Amino acid sequence: MGNPNIQISEEIYNEALISIEDMCLIMSNKLLIQLGLTAPNRPMHDAFNQELHRERLYDLNDLKELIQTNLPLLNEQQKYVFETLMKVTNDETGGIYFLDAPGGTGKTFLISLILATIRSQNKIALALASSGIAATLLEGGRTAHSALKLPLNMHSNETPTCNVSKNSAMAKVLQQCKLIVWDECTMAHKKSLEALDRTLKDLRSNNNRFGGAMILLAGDFRQTLPVIPRSTPADELNACLKSSSLWKHVQVLHLSKNACRVAK
């Protein structure tokens, strides 16, 4: 239990406000003063750098140990995907890849290793997922809607964009990240991916697809497709990522070998 006799000083009060504001920046990309609350006493640039700090807040020694332990465990398919994606990421040539991985083929294991490898180089790798459950399986993962501020009227908006301004904290992350992973992307509306494409082009001042960023989509089209209220099967298919004009630029990588190991 807390100490009821503790004296709340101005410094403690300010530190509490900073902690609350950090959470608000992560969840809503807004400062306390923008939410009508008391602003903490800290430099403005420090507030917006918290998002960058969050993406670099990993123990490099732990990451290197994880890589050393798990890299030899990759099977042939996983190793090929790993080497292919790491080469493209290190070359900084950009591109969009889709990892077609049915359940049990080690998709999460492989993605976690890719994220750890990039982060061990003190670079930013953003881990997103279409569902909260999938996001919790990735270190530093969060839902795409929360991180990218995707519009709620996605279905009715012809050319949606993410609600991320150029001077926001998330904009700094998107401008500097080396890789964006979007797990369970098969559940997302095709306009979500198109919104990310427009936003990255604007934020990175680069007219190449996704502003030249490296995008790794992952999932299984044999599972849940986008859920469209009061829709027909044709509406579901039209909302699928494969119906997007961006899909023709996607390079597909496959995992099909069961990665489960039987204990001896």
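The model is predicted, so local features need pLDDT of at least 70, side-chain atom pairs count only at pLDDT 80 or more, and totals for chains, interfaces and linings use all residues. Residues are numbered from 1 along each chain as its sequence is written, and side-chain values use heavy atoms, without hydrogens and water.

**Overall build**
- The protein has 10 helices and six strands (DSSP runs, numbered from the N terminus: helices are H or I with at least four residues, strands E with at least two).
- The protein has 264 residues, and 47% of them count as buried (under 20% relative accessible area, with a 1.4 Å probe and protein chains only).
- Take the contacts (heavy atoms within 4.5 Å) with a separation of 6 or more: residues 24 or more positions apart account for 71% of them.

**Asp 183**
- Asp 183 sits in strand 4, which spans residues 179-183.
- Asp 183 counts as buried because its relative accessibility is 3%.
- Its side chain makes a polar contact with the side chain of Lys 107, at 2.8 Å (N or O atoms within 3.5 Å; within protein, one must be able to donate a hydrogen and the other to accept it, and residues adjacent in sequence count only if both atoms are side-chain atoms).
- Leaving aside neighbours within four places in sequence, Asp 183 is in contact with residues including Lys 107, Ile 111, Leu 128, Ala 218 and Gly 219.

**Largest pocket**
- The largest pocket has a volume of about 300 Å³ (the space filled by probe spheres set on grid points, joined across faces, edges and corners).
- A pocket is an open set of points on a 1 Å grid over the protein atoms alone, where a 1.4 Å probe fits, with protein on both sides within 12 Å along at least five of seven lines; lining residues have an atom within 4 Å of a point.
- Of its 20 lining residues, His 145, Met 187, Ala 188, His 189 and Ser 192 are the closest to its centre.

Methods: Buried means under 20% relative accessible area, exposed over 50%, partly exposed in between (1.4 Å probe, protein chains only).
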